[in-house]
Every structure is written in C-alpha cells, then in structure tokens.
Amino acid sequence: MDLPDLVIRGSRVVTSFGTGPASVHVRDGVIVEVAGYDDVPDLGRAGRRAVEAGAAVVMPGVVDTHVHVNEPGRTAWEGFSSATRAAAAGGVTTIVDMPLNSVPATTSLAALGAKRSAAAGKCHVDVGFWGGVVPGNLAELEPMAAAGVLGFKAFMVDSGVPEFAAVGEDELGAAMAALARLDALTIVHAEAPEAIAAAARDRDGGDGDRGDPRAYRTWLRSRPDRAETEAVATVATLAHRLGARAHVLHLSSAEALEPLRRAQAGGARVSAETCPHYLALAAEEVPDGATAFKCAPPIRSAANRERLWAALRYGDLSMIASDHSPSPPDRKHLDDGDFMAAWGGISSLQLALPVVWSAARERGHTLADLAGWMSAAPARLVGLDHRKGAIAPGRDADLVLFDPDDRFTVDPWSLYHRHPVTPYAGLVLHGVVRATYLRGRMAWDGRRFADRPLGRLLAREAPG
C-alpha cells in the first residue's frame, strides 16, 4: 500500500466513533485511514508531511449550507473571495451559496452559469450552489437540477430584494411536486405573510407603544412566532402530501417545533436548522438602536433560546447553519438605529464555530455534538456526505485544528468578510481555529491563507 503524503495526529480527533487519540492518513487529498495515535509511518520523502495537533482538536471541516455570497451583482455587499476567506479562517471548508442576493438571482440555468463564472478561481473553500424557486420559473428547475445545484430555495414572504419574489402556497406546492419527481430538496424561508401583515396592523401591541423604530421590541413584534408556526405547518403538510423532501431554514421560534415534530412523526420528509445567533443571543439583551442584531426571523427570548437547545439535544432540529447575510454598513442603518428600515442579516461565517461552541460548552455539549450539527448533518442534507462532513476513509481531507479551550475577543476589523459589522463585537468566545485543511492542503494556517485559492465548485451528483 502506498504511503500517505500527509498524516495529522492528535490526542483528540473527532470521528463518528468518538473523540480520542488518532492519526489521520491522507493521500491525494482523501483520507485513506484513521489509525492509532502512534501508527505513523516513516514518511521520509520530500513532500510528505506529519503534523502534530498539539492542544488542538482535529475536527471535520464545517459545512455551512446557508451563506449569502451576493456575487455577481452585489459584490459591494460580499463576494466569493472575501466570503471564502472568512470561511477558511473560521474552520469552514464547504459553503453552499444562496440564490439571492446576487444579480441575477440563481433562478435560471443562465443565471447559474453567471454565478459559477463569477466564482471561478476566487474560492478559498469548496462552494456549492442552491437554485431558486420564484413565480414563473417552474420550467427552469429541471435544467438547474441537471446542472448540479444542490437543491432549491423558496421564500413564503417578501425576500427584501425585487429579483427574488415570494411564492404562494399553490406555487410552492407545484415546485415541490416537480422537485419531488427529481428527488431534489426544497428549502424554505418559512414565515407566513398573513401573520406578519396582521402584526403590522396592530403595531402598538395593546400597550400604547406605537412602535418606536429604534426599539428592538418593535421589530420583534413585527415577526411573531405565529408567522413561523403557520408557515412550518404549511411546508410540512405539502411535503407529506407530495412525498417531497423539504427543509426549513433558520428556525427561530420554538413554537414552530410542534408542527415540525408532528410532521416528522407522521412520516413527512421534513427537517429544520437553526442558527448561531438564535442559540447565543437573546431579545432581552439587544440594545435599542443596535441594528447589527437585526435578522429575519428575529432573535427571540432567552427562554425560547433554551428550547432551541433542547430541540438540538433531542434531534428535533438536525443542524446549525450561519445564514451569513452581509450588507454595506449604510444598509444596516447603524447611524440612526432604525430596526424597521435596516437590512435584516447577520454576518457570522467566520465566527459560527466559536459562537456555537461557546454556548454549547456551557450547556454540557461535546465537540462530537458540534461536528454532528455543523459538519455531518449539513453534508448529509445536500448529498455531500460521501465526501464531506466527517473524518473517515474515503472522505475529503477537510480538517480543522480547533483549540476549544483558548479564548479571544471579537474584533470586527479582524474578520475577513467584506464589512466589519457584527453583533458579536467585543464578546469573548471560546475556540480558536489554528489551521484549516482543504483536501489535505493548508487553506489557513492561523495567520495567512494559501498563496492561491484552493476551493472547487461542487455539483450535485445524480442519485445512484
């Protein structure tokens, strides 16, 4: 048997069999063996390397399936070079790019071609793509699926950009039926517009407060729990009736867990994710005017946050994704603190791993839990689990050396996404990424990136 060209070993290596001493043997960018800690051959030839992890844990690279890169068309907001640098520095080795807020949105085969051309040669990590479901593009779904998108996103409520319109229940059902025939996944921004409209008609909340736009409670009241609960129930019903695979994005309301549980118990193929900001932050702690905290659905109460953690513990929520959604600072209304006018998105791609770990360790969760939620489950969702998401023979050697015990203070100017805006500024987080390997090659060494981008563009492989 040929010798490996890279061996990384450590006293804590996270695999599906547990966390303990091991050596990871890599050849041609692929893991060929996970062996004992002392089972390291004499590599002895130029180009072959052995790496000692030291105090760091060796983990599978994070697979972040919810990233808004915004290129082409809105590269003033973000772009493939900046986003994938942030990813590599944060231990993320694969991202899946959302079909908005780029121009054109990825809602046609031609737009997918433009997206792939924009990404070519710029990516520091591997990148896959979602297609989009919008009114009138039903005929584009099969060609995009054949071209390799990993699934299709729909909005049930206004997306915030004109080129990606929301779909009604009938349009969503028609798309899900078409995608079910292709065994393609439908992912949904699940908020019911009727519930949001009702909240807008009653902005004062019954207590005489007419809705100060600088007050966080004004934004929170505008996106009630009911909006998520009703929309999740609709998605689950459609998935069950049509035999479709569906996934609820960025679930923030613990109230929406009940229709999700019922659907899963009834055999519906429906899953859901939550996000770092819903697990680490709480509405009671958001200062008025602090629009860096605005996202949709909103950050809810501390009690709601603990129910989301319980849902992760018991498997009702299957995974965590960043929903990295950046914009220029002026779109966040940082100067006037207007929550109702500010762009709703949180930039967290580089910080997702330490943010989640900092909150998880306080609640008794393990590094294996972290790898399950942020690597294995997302890879499985998008059909990349034969290549990504775990330290096992046959998988790409996408590895992170992560020191879970070291701490750092978040400095927005040290982040690599395009604009230094984050609600985590000044927080002390546990977990430092010492190195990120992409297919066995160093993408980030804790201080610098590889001399050239190493990422590849990924495509869905046909079933079977």
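Asp183, the residue that follows helix α4, has a positive phi, near 55°. The model is predicted: local features need pLDDT of at least 70, side-chain atom pairs count only at pLDDT 80 or more, and totals for chains, interfaces and linings use all residues. Residues are numbered from 1 along each chain as its sequence is written, and side-chain values use heavy atoms, with hydrogens and water left out.

**Helix α4**
- Helix α4 (residues 169-181) contains 13 residues; helices are DSSP runs of H or I with at least four residues, and strands are runs of E with at least two, numbered from the N terminus.
- From its first C-alpha to its last, α4 reaches 18 Å, close to the 18 Å expected at 1.5 Å a residue (1.5 Å times one less than its number of residues).
- Leu172, Gly173, Ala175, Met176, Ala177, Ala178 and Leu179 of α4 are buried (under 20% relative accessible area, with a 1.4 Å probe and protein chains only).
- The cover over the buried residues of α4 includes β9 (131-133), α3 (138-146), β10 (152-155), β11 (185-189), α7 (225-242) and β12 (245-248).

**Strand β7 and its partners**
- Strand β7 (residues 92-97) is mostly covered, with six of its six residues buried.
- Strand β6 (residues 62-67) runs parallel to β7 and is joined to it by four bridges; two strands pair if DSSP finds at least two bridges between them.
- Within this pairing, Val63 stands opposite Thr94 in β7.
- The chain passes from β6 through helix α1 (residues 80-89) to β7 in a right-handed β-α-β crossover, a path that runs clockwise from the first strand over the helix to the second with the strands pointing away from the viewer.
- Strand β8 (residues 126-129) also pairs with β7 in the parallel sense, over four bridges, and Val96 stands opposite Gly128 in β8.

Notes:
Buried < 20%, exposed > 50% of the residue type's maximum accessible area, 1.4 Å probe, protein only. Contact = heavy atoms within 4.5 Å.
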